[in-house]
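Look at the fold of chain B below.

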Amino acid sequence: MSVDKDTVRRIAKLARVAMDDAQVAEMEAELNAVLAWVEQLSVVDCENVPPMTSVVEQRLTTREDAVTDGGYADDLMKNAPQSEGHFFVVPKVVE
Amino acid sequence: MALPSDPTRFTLAEARDAIRRKAISARELAASHVEAITVGRRLNAFITETPDHALSAADASDDRIARGEARALEGLPLAIKDLFCTKGVRTTAGSRFLENFIPTYESTVTRNLWNAGAVLLGKTNLDEFAMGSSNESSYFGPAINPWRARGSNNDLVPGGSSGGSAASVAAHLALAATGTDTGGSIRQPAAMTGTVGLKPTYGRCSRWGIVAYASSLDQAGPMTRTVKDAAILLNAMASYDAMDSTSVDVPVPDYEAGLEAGVKGLRVGIPKEYRVDGAPREIDALWAKGAEWLKSQGADIVEVSLPHTKHALAAYYIVAPAEASSNLARYDGLRYGRRTEHAGDLLELYERSRAEGFGREVLRRIMIGTYVLSAGYYDAYYLRAQKVRTLIARDFAQAFTQCDVLLAPATPCAAFGLGEKTADPVSMYLNDVFTVPLNLAGLPGISVPAGLSGDGLPLGLQIIGKAFDEATVLKAGRAIEVAADFTAKPQAWWRTP
């Protein structure tokens with residue numbers, strides 16, 4: 001499978017990355033090189049092979065459904081590029 | 001044994017023992033490394049230096065030592081890969097996006113180290129978001145390998161992504177360092193800088209507070225100058241952590257205690273598929289020598305087969321970008337990190353902040369990951385790659401019915417020149433051919449310096465173990481270390497003004 005410029009633009013949109021025409025052209029070539037290379041997996045016989053869902057055998061631990069942490073509003077805001085009090089400021093979304 | 005007069009020549013173990021018997025103070029140890037870092041800036045090994053913090057932490061250690069309360073790593077200065085969140089100390093992940101990010105919390109691994117008394121020297125350079133095999137994708141410029149080819153003045157890459165950690169340990173700017181390994185990012189730079197790098201079993205060290213790249217593959221580990229130092233550092237880094245749901249609650253053995261047990265009767269598998277076409281002959285020769293070394297110390301050498309090895313890299317370059325594209329979706333320009341000044345609406349704010357903040361390799365992986373996870377392609381790429389991953393894990397499980405550890409090369413080549421492989425992503429990806437399969441299967445592996453290339457550059461051998469059997473990996477790594485007697489050091493060209 002290979003991608004064309006329109007596909008690259010669609011993927012960039014999905015990934016929320018602004019890309020100009022020159023970058024789209026570059027990315028098209030680079031993605032196609034990588035996709036052509038990973039294409040080799042199509043020769044592997046994966047019939048009846050389950051996909052890996054857990055790297056090491058383990059049962060996920062559970063804990064009581066209770067509030068055990070929190071109260072860091074000040075900390076959470078510390079790295080915000082733009083904020084007011086405990087709110088992140090975003091461009092106007094609703095007219 | 002007499003100690004070196006320059007404290008930066010100590011191993012981690014020597015420094016620990018010297019501190020305990022008060023032959024040196026933590027202050028002296030920290031000050032000598034702070035000085036070495038200043039003189040070694042040409043290597044660009046650190047993104048952020050923390051000399052004041054190091055000296056005051058060392059003073060606090062000296063107070064504890066005076067009170068007889070020294071802990072496992074009391075007063076030992078370490079370098080930390082700039083992927084571990086450190087409270088109050090800038091953590092960039094090598095990215096422009098996080099250029100000014102100052103975490104308000106501490107990663108579990110680094111908290112374990114500080115609780116053991118270790119001292120932070122600074123945060124080391126790395127490929128952006130740990131995506132790379134040469135440290136060249138760092139927004140802060142590449143770290144430089146302390147080693148140079150014989151008779152050459154050209155700069156070489158230190159490998160990646162933990163290139164700054166590897167360079168700082170190789171150049172004696174730190175006693176030891178932390179790294180993270182998603183596809184080889186500890187072992188490959190260790191091999192290229194003549195140092196020891198250990199990737200523990202997935203789940204051995206907590207991932208909490210480590211900037212995420214590919215969550216089912218990422219694992220933190222030690223980078224040191226000796227196998228014993230790796231054992232000491234791993235003991236301090238590893239812990240069960242309820243904050244990481246994939247952290248595994250198994251006991252952490254005393255790795256240092258079992259180190260010298262020897263390899264008599266140990267079954268060492270030689271995976272025949274690791275003989276790759278076009279690999280330099282010196283890599284094969286070193287590998288054969290490694291098998292001889294272990295055999296002469298009483299190990300049994302058996303040939304084993306890992307039939308799906310040749311597909312590991314392709315599976316990795318689907319799984320890792322897929323997980324990366326998902327993990328990096330959090331960088332929205334709103335809550336932390338870079339925010340563009342050129343956005344009209346919210347969508348533009350996302351798109352431009354990300355375009356400005358991410359470098360080319362990161363964007364490429366986000367794009368690949370988004371593509372392979374997008375509607376209509378998920379089954380063909382991601383699901384198939386996860387199935388191949390099952391096959392690779394089964395290969396290892398099968399091999400481990402015949403042997404206790406595997407012996408393999410660490411890298412297909414020695415360190416290469418800056419810019420030599422950046423034009424072709426696939427040729428860069430091939431660097432990880434011997435390291436990636438372990439990450440896919442979650443297994444532990446160590447790279448130990450074992451010899452020099454024809455150009456006088458270090459080469460590493462890799463020991464691969466069963467899940468949670470780091471003790472045997474270290475023991476076999478130690479046997480390689482003893483036999484190789486690797487004493488070569490890079491010439492300290494970076495000290496010349």
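Buried means under 20% relative accessible area, exposed means over 50%, and partly exposed is in between (1.4 Å probe, protein chains only). This is a predicted model, in which local features need pLDDT of at least 70, side-chain atom pairs count only at pLDDT 80 or more, and totals for chains, interfaces and linings use all residues. Residues are numbered from 1 along each chain as its sequence is written, chains are lettered from A and ligands numbered from 1 in the order in which they are written, and side-chain values use heavy atoms, with hydrogens and water left out.

Start with the sheet. Helices (H or I, at least four residues) and strands (E, at least two) are DSSP runs, numbered from the N terminus. Two strands pair if DSSP finds at least two bridges between them. Strands of a sheet pair through backbone hydrogen bonds, either parallel or antiparallel. In chain B, eleven strands form an open sheet with mixed pairing, in the order β1-β3-β2-β4-β6-β5-β10-β11-β9-β7-β8. Its edge strands are β1 (46-49) and β8 (300-304), each pairing on one side only. From one strand to the next, the twist averages 30°. For angles and axes, the lines are fitted to C-alpha atoms, for helices over the stretch in contact, and angles run from 0 to 180 degrees between N-to-C directions.

Now take strand β2(B), residues 77-81. Five of its five residues are buried. Both faces are covered: B:P77, B:A79 and B:K81 lie on one side, B:L78 and B:I80 on the other. β2(B) runs parallel to β3(B) (residues 119-124), and five bridges join the two. B:K81 has B:T124 as its bridge partner in β3(B). Between β2(B) and β3(B) the chain passes through helix α4(B) (residues 108-115), in a right-handed β-α-β crossover. Right-handed here means that, with the strands pointing away from the viewer, the path from the first strand over the helix to the second runs clockwise. β2(B) also runs parallel to β4(B) (residues 176-180), joined by two bridges. There B:A79 is partnered by B:A177, and B:L78 stands opposite B:A176.

Contact means heavy atoms within 4.5 Å. Helix α8(B) (residues 281-296) lies across β7 (267-271), β8, β9 (405-409), β10 (445-452) and β11 (458-465) of chain B, and runs at about 55° to β11(B). Helix α15(B) (residues 470-484) lies across β5 (196-199), β9, β10 and β11 of chain B, and runs at about 5° to β10(B).

Move on to helix α1(B). Seven of its nine residues are buried, namely B:L12, B:A13, B:E14, B:A15, B:R16, B:A18 and B:I19. These buried residues pack against α2 (26-39), α3 (51-66), β2, β4 and α7 of chain B. With α7(B) (residues 227-237), the packing angle is about 65° and the axes are 8 Å apart. α1(B) and α7(B) are therefore roughly perpendicular. Angles of 65 to 115 degrees count as roughly perpendicular, under 35 as roughly parallel, over 145 as roughly antiparallel and the rest as oblique. In this contact B:L12, B:A13 and B:R16 of α1(B) meet B:K228, B:D229, B:I232 and B:L233 of α7(B). By class, four are nonpolar, none polar and three charged. Ala, Val, Leu, Ile, Met, Phe, Trp, Tyr, Cys and Pro count as nonpolar, Asp, Glu, Lys and Arg as charged, and the others, Gly among them, as polar.

α9(B) (residues 312-327) and α11(B) (residues 360-373) pack at about 100°, with their axes 7 Å apart. That makes α9(B) roughly perpendicular to α11(B). On the α9(B) side the contact includes B:Y317 and B:I318, and on the α11(B) side B:R365 and B:I366. Eight residues of this contact are nonpolar, three polar and one charged.

Finish with the backbone. Most residues other than glycine have a negative phi, and most peptide bonds are trans. A cis peptide bond joins B:G160 and B:S161, with omega about 10°. B:S161 sits in the loop between β3 and α5 (163-170) of chain B. Phi is positive at B:K22, which follows α1(B), with a value near 60°. B:H172 also has a positive phi, near 60°, and belongs to the loop between α5 and β4 of chain B. B:H172 is buried, at 4% relative accessible area. Phi of B:D485 is positive too, near 45°. B:D485 lies in the segment after α15(B) and is exposed, at 52%.
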